Amino acid sequence: MMTATVSRWARVRDSFLWYSFKRDKVAIASFIVLLAMVLSAIFAPLLAPTNPYDLALIDIMNSELPPVGMSGADGAFPLGTDAQGRDMLSTILYGTRVSLMIGFGAVILQAVLGILFGLLAGYMGGRVDAVLMRIADVQLSFSTLMVAIIVGAVFKASFGSLMFGEIAIYMLIFIIGVAEWPQIARTVRASVLAEKKKEYVDAAKVMGFRTNRIMFRHILPNTLSPIFVIGTVQIANAIISEAALSFLGLGMPETQPSLGSLIKSGFDYIQSGSWWITLLPGLVLVVLVLVINLLGDWLRDVMNPRLYKG
Amino acid sequence: MALLEVNNLDVRFAVRGGDLTALRGISFSLDKGERLGLVGESGAGKSVAAFSILNLIAQPGYIAGGQILFEGKDLAAMSERELRKIRGNRIAMIFQDPMMTLNPVLTIGTQMVEAIKAHRRISSKDARAIAVDKLRKVQIPSPEKRLDQYPHELSGGMRQRVIIAIALLLDPEIIIADEPTTALDVTIQAEIMALLLDLCEQENVALMLITHDLGVVSQVSQRMLVMYSGRIIEQGPTREIINDAQHPYTQGLINALPQMGEPGARLFQIPGAMPSLKNVPSGCPFNPRCSFATDECRRTMPEYVRAGNVSVACYEVERLIAQEQQVREVTP
């Protein structure tokens, strides 16, 4: 078993992916930033000075304190406080956590649906293909926002605002995941169509493998690289979608803020000079989406040598 | 009873504007351990024949009639589940291009172990042992190491060896080899062919060799079929056909071999090209290219007649046989 793990690491080290990663400074920098953000989001409860969810710790007297370095700042709140007196650093850490959870969760849901339907449509062809792809077209013709508004309203009405706070994160994952699965399904379908003509698929059939096995074990691994590329970009898209929904008040409630709802909560105070409440989470959001997209670009260049940077 | 018996097999492709007939009344048999050659130009229906034996013709193709009896059971009428038990397990197939036949993202070992486990309840460790054993049989050096390699790490000849090993994995009764050496370079071709032949003899596996290379067929097979435009036009013992081909098409094929021509002279070629499935001429499909063609040839399809041990579908041969008989009657 020892030799297997060693050779696996050696394989990674010798791989083209690692080689091109080492030579691409943008990719390395993006990866480091992303890793730092993901880690600090995961360990937010340990890193954050206060727990913004704990109402007992919030003092309204501390509201709208500016970040350190400005007059009137308090050393206990390095990035200042928001209108409710919550520590900005802590809310941003927790907010990044929520945003990332929704981003990854939504993409996992998209990937599951997209891969399943894309594989089925591409491999079965004919009527199955026609039906599934028409469903995808219909799905795409609804805008994410519209679906979110309707679903959100239904959820809010049926669960009440308090319950809604608890399930909001799942609802957003569901909405964004379901709204965007056709993107992945189409990509998968296109590569399955190309793959299934190859002789190894015939060979697998001749060997007596089941259809399921041929689809998931033989064709799917060969379509993974476009899925990785589009999946990465979709994480960024999902985070933006979530931020947009939250900004419109359709996403995460303020008691459990994501980056988007933080931006929104500060937006009302931007005129009164408390710019940091909006600007800081906004910056974090931009950096987060930017590094994910840069990584996605790099991945696309590496995995598809036919594409060039546009 | 023959191991495999194909009776009057018709295969059609359902396309816009009606069906195209890809195979027309194919009949042949294959005994245990026998080696059968299947020759013809590209588009004659060789590969379609191979795939239909496993009942695996891709849409929109379908078996329109006839039987494929494997040990007395009709593969054409079998359920998908029963077919899966035969594919790979009892009848294996080897493809033309070793670069394409192996899955590029799975290791050799994974692919071999999977193939075994699809048919047998067996632990991965035992399956690996079988895989190593078979790789050794096809003379691959350090087989244990190969199992963890990906197809792209092996050379073309090596890959074709692996593919032969995969075909042998489950000790099948029949191996169908669809141009197994065409994609390899000439020096390796002979090596791989010899290996395949050797293994089939050792394990008493019946081999159905599909090729357009008459040289290979004459060396390897005991009996051969010649296909033209989806029809078997001549079949019989290889030696008899090579030495004394009856059908004008087979004669043309043999005369077209470079070694048949005089040095410096133009190579012989059969004029014209094989008709596409969309406009097969009426009567004998070979008649537009045949120098013996008569009105009869253009009107109706010839039936099979026997000339010695060879069965052949040609009116010219019928006429020759009739003449011979007349001569024999006149001069006792």
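Okay, let's start with a contact: two residues are in contact if their C-beta atoms, placed from the backbone, lie within 7 Å. By that rule, 14 residues of chain A meet 20 residues of chain B. On the chain A side, helix α8, residues 199-206, gives the most, with six residues. Helices here are DSSP runs of H or I, at least four residues, strands are runs of E, at least two, and both are numbered from the N terminus.

A quick word on the source: this is a predicted model, where local features need pLDDT of at least 70, side-chain atom pairs count only at pLDDT 80 or more, and totals for chains, interfaces and linings use all residues. Residues are numbered from 1 along each chain as its sequence is written, and chains are lettered from A and ligands numbered from 1 in the order in which they are written.

Now, chain B. We've got 13 helices and 12 strands there. Its C-alpha atoms fill a box of roughly 75 × 50 × 45 Å along the principal axes. And of the contacts in chain B between residues at least 6 apart in sequence, 62% link residues at least 24 apart.

How much of chain B is buried? That's 43% of its 332 residues, where buried takes 20 or more other C-beta atoms within 10 Å of a residue's own, again placed from the backbone.

Last stop, B:Met208. Leaving out residues up to four places away in sequence, B:Met208 touches B:Leu30, B:Leu36, B:Leu38, B:Ile174, B:Ile176 and B:Ala177.

Note on methods: Buried ≥ 20, exposed ≤ 12 C-beta atoms within 10 Å, placed from the backbone.
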